[in-house]
Amino acid sequence: LFEKVLLNSRANLNQKSEANFFIAKINFWQSNFNEAVKFLSETTKNLSSDFANDALELLSLINAIKRDSINLSKYAEADFLLFIKKFDEAAELFKSLADNKDLFILNEFASYKLAETLLALNNLPVAIKILEDLSGNSKTGIFGDKSLFLLGKIYQYGIKDKTKSIQIYQKLLEKFPNSLYFEQAREYLNNLQTNNG
């Protein structure tokens, strides 16, 4: 079905980006990493699409880890389980990867996904702890801004602690002025400060 979108001359650029992204994800989930890279690269040609950032993130993971195909396949399986909402099974696999400190970059990707999965399971305290570690103590800092942004949203909407969410958004703006989340964080911050008087 996605391939039909790519062949359809009436499909717009965003629809083609979405089709490329999901073809890439299907290949990724099946451990066809070279095919996934091909379609992810196509997705990133349209940087204004909603899928470009996710494609760039997945592309960087595959390129950094593809020599460790066993663990990358395990991550892909967990990602698929998360996609089909089998949260407990996904959390178990992500946790096993996140706990392996020898998997330098992969364990940070797995940690972030574990936090997202725990949110879906409504386990906010453990998700918060993981995101705090990623935003401050990670070796590579890949997820620093993204973790802070998600933390701010958890405190704003999940825990309903406006003061804490304001602090987190401010920290994101100060620490990551070039973040993809900068504008959204500033908007959330302005709304919170306006509503708090």
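Me: Is phenylalanine 83 buried, partly exposed or exposed?

Reply: The model is predicted, and the values here are computed from it. Buried means under 20% relative accessible area and exposed means over 50%, with partly exposed in between. Phenylalanine 83 has 45% relative accessibility, so it counts as partly exposed.

Me: Which residues form a nonpolar patch on the surface, and about how much accessible area do they have together?

Reply: Phenylalanine 83 is found in helix α5, which covers residues 69-83. The nonpolar patch is formed by Phe80, Phe83 and Ile84. Together these residues have an accessible area of about 260 Å².

Me: How many residues does helix α2 have, and what distance does it reach from its first C-alpha to its last?

Reply: Helix α2 comprises residues 13-29, which makes 17 residues. At 1.5 Å a residue, 24 Å is expected for α2. The reach from the first C-alpha to the last is close to that value, at 24 Å.

Me: Against which helices do the buried residues of α2 pack?

Reply: The buried residues of α2 include Ser17, Phe21, Phe22, Ile23, Phe28 and Trp29. Lys25 is also among the buried residues of α2. The buried residues of this helix pack against α1 (2-7), α3, α4 (52-65) and α5.

Me: With which residues is serine 17 in contact, leaving aside its neighbours within four places in sequence?

Reply: Serine 17 has its place in helix α2. Its relative accessible area is 3%, under the 20% limit, so serine 17 is buried. Leaving aside neighbours within four places in sequence, serine 17 is in contact with Thr43, Asn46, Ser49 and Phe51.

Me: Which residues does leucine 59 touch, not counting residues up to four places away in sequence?

Reply: Leucine 59 is found in helix α4, and it is buried with a relative accessible area of 12%. Leucine 59 and alanine 24 are 35 residues apart in sequence. In space, C-alpha to C-alpha, these two are 9.7 Å apart. Not counting residues up to four places away in sequence, leucine 59 touches Val37, Leu40, Ser41 and Thr44.

Me: What is the N to O distance in the salt bridge of arginine 186 and glutamate 183?

Reply: Arginine 186 and glutamate 183 both lie in helix α11 (residues 182-196), three residues apart. Arginine 186 is partly exposed at 36% relative accessibility, and glutamate 183 is partly exposed with a relative accessible area of 48%. Their side chains meet in a salt bridge with an N to O distance of 2.6 Å.

Me: Are lysine 113 and aspartate 79 buried or exposed?

Reply: The side chains of lysine 113 and aspartate 79 meet in a salt bridge (3.3 Å, N to O). This pair links distant parts of the chain, 34 residues apart: lysine 113 is in helix α7 (residues 106-120) and aspartate 79 is in helix α5. The relative accessible area is 17% for lysine 113 and 4% for aspartate 79. With both values under 20%, the two residues are buried.

Me: How many of the residues of α9 are buried?

Reply: Helix α9 covers residues 144-158, and its 15 residues should span 21 Å at 1.5 Å a residue. Its end C-alpha atoms are 20 Å apart, which agrees. Among the buried residues of α9 are Leu148, Phe149, Leu150 and Leu151. The helix is mostly covered, and the number of buried residues is 12 of its 15.

Definitions and conventions: Residues are numbered from 1 along each chain as its sequence is written. This is a predicted model: local features need pLDDT of at least 70, side-chain atom pairs count only at pLDDT 80 or more; totals for chains, interfaces and linings use all residues. Side-chain values use heavy atoms; hydrogens and water are left out. Patches are made of residues with over 30% relative accessible area and no salt bridge: like charges are joined within 9 Å, nonpolar side chains (Val, Leu, Ile, Met, Phe, Trp, Tyr) within 5 Å. Accessible areas come from the Shrake-Rupley method with a 1.4 Å probe; for residues, only the protein chains shown count as cover. A salt bridge is a side-chain nitrogen of Lys or Arg within 4 Å of a carboxyl oxygen of Asp or Glu. Helices (H or I, at least four residues) and strands (E, at least two) are DSSP runs, numbered from the N terminus. Buried means under 20% relative accessible area, exposed over 50%, partly exposed in between (1.4 Å probe, protein chains only). The expected span of a helix is 1.5 Å times one less than its number of residues. Contact means heavy atoms within 4.5 Å.
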